[in-house]
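Subject: Structure for your review

Dear colleague,

Please find below the structure that I am handing over to you. My findings follow directly after it, and I would be grateful if you read them with the model open.

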Amino acid sequence: MLFNFKVAVFDLDFTLWNCQELYEQTQSILANLSSKGIRLYVASFHLDAERQCESLGINKYFSSILYGRDVPKSQMIRRVMDDAKVSPSDVVFFDDSFDNVLEVQSKHQIRAIQVDRTNGITWIDILRSNRPISTQPGQKKLFHFMY
Ligand SMILES: [Mg+2]
């Protein structure tokens, strides 16, 4: 599969794991994306995120794990974009919280996808995120009609 993003940012709780174990497709998604050279990040409000990723055995996939209780996700993603030196159109973001998805989408023109916390992250979410964003400036086509 070809991916049209360079960076993927994941919420941790109820996106990658259900607070007991990893979701069914988490491991294969992280392994596959990182093997394609896509840079992966965690952006979490969970202050124990780093230790948690380590005990789940997934910290090896991430370029960085960002966390902070009072830090908006959009601010974490700003830091990710600076770190990875990419533009917003290169980034996708996944979170089970609609508020976070909305907050990020309102600050950055990136693809932000809400994950269903029953199944966590799935390949369907990855496919949905792989569509180009429709609101890129300068991409609008002008149609001329002559009657
Ligand atoms: Mg969450």
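Just after helix H1, Gly37 adopts a positive phi of about 85 degrees. Please note that this is a predicted model, in which local features need pLDDT of at least 70, side-chain atom pairs count only at pLDDT 80 or more, and totals for chains, interfaces and linings use all residues. Residues are numbered from 1 along each chain as its sequence is written.

Helices (H or I, at least four residues) and strands (E, at least two) are DSSP runs, numbered from the N terminus. The chain contains 5 helices and 5 strands, and along the sequence these follow the pattern β-α-β-α-β-α-β-α-β-α.

A residue is called buried if 20 or more other C-beta atoms lie within 10 Å of its own, exposed if 12 or fewer, and partly exposed in between, with C-beta atoms placed from the backbone. By this criterion, 33% of the 147 residues in the chain are buried.

Helix H1 spans residues 26–35, and its buried residues are Thr26, Ile29, Leu30 and Leu33. Viewed down the axis of H1, these residues fall within an arc of 95 degrees (taken from the directions from the helix axis to the C-beta atoms), so they line one face of the helix. The exposed residues Ser28 and Ser35 are carried on the face of H1 turned away from the buried side. The buried residues of H1 pack against strand S1 (7–10), strand S2 (39–44) and helix H5 (123–129).

Contacts are counted where the C-beta atoms of two residues, placed from the backbone, lie within 7 Å. Of the contacts in the chain between residues at least 6 apart in sequence, 58% join residues at least 24 apart.

Strand S2 has 5 of its 6 residues buried, so it is largely enclosed by the rest of the structure. Two strands are taken to pair if DSSP finds at least two bridges between them. S1 and S2 run parallel and are joined by 4 bridges; Ala8 has Leu40 in S2 as its bridge partner. The chain passes from S1 through H1 to S2 in a right-handed β-α-β crossover, meaning that, with the strands pointing away from the viewer, the path from the first strand over the helix to the second runs clockwise.

S2 is also joined by 5 bridges to strand S3 (residues 62–67), and these two strands run parallel. Ala43 stands opposite Leu66 in S3. From S2 the chain crosses through helix H2 (residues 49–56) to S3, and this β-α-β crossover is right-handed.

With kind regards
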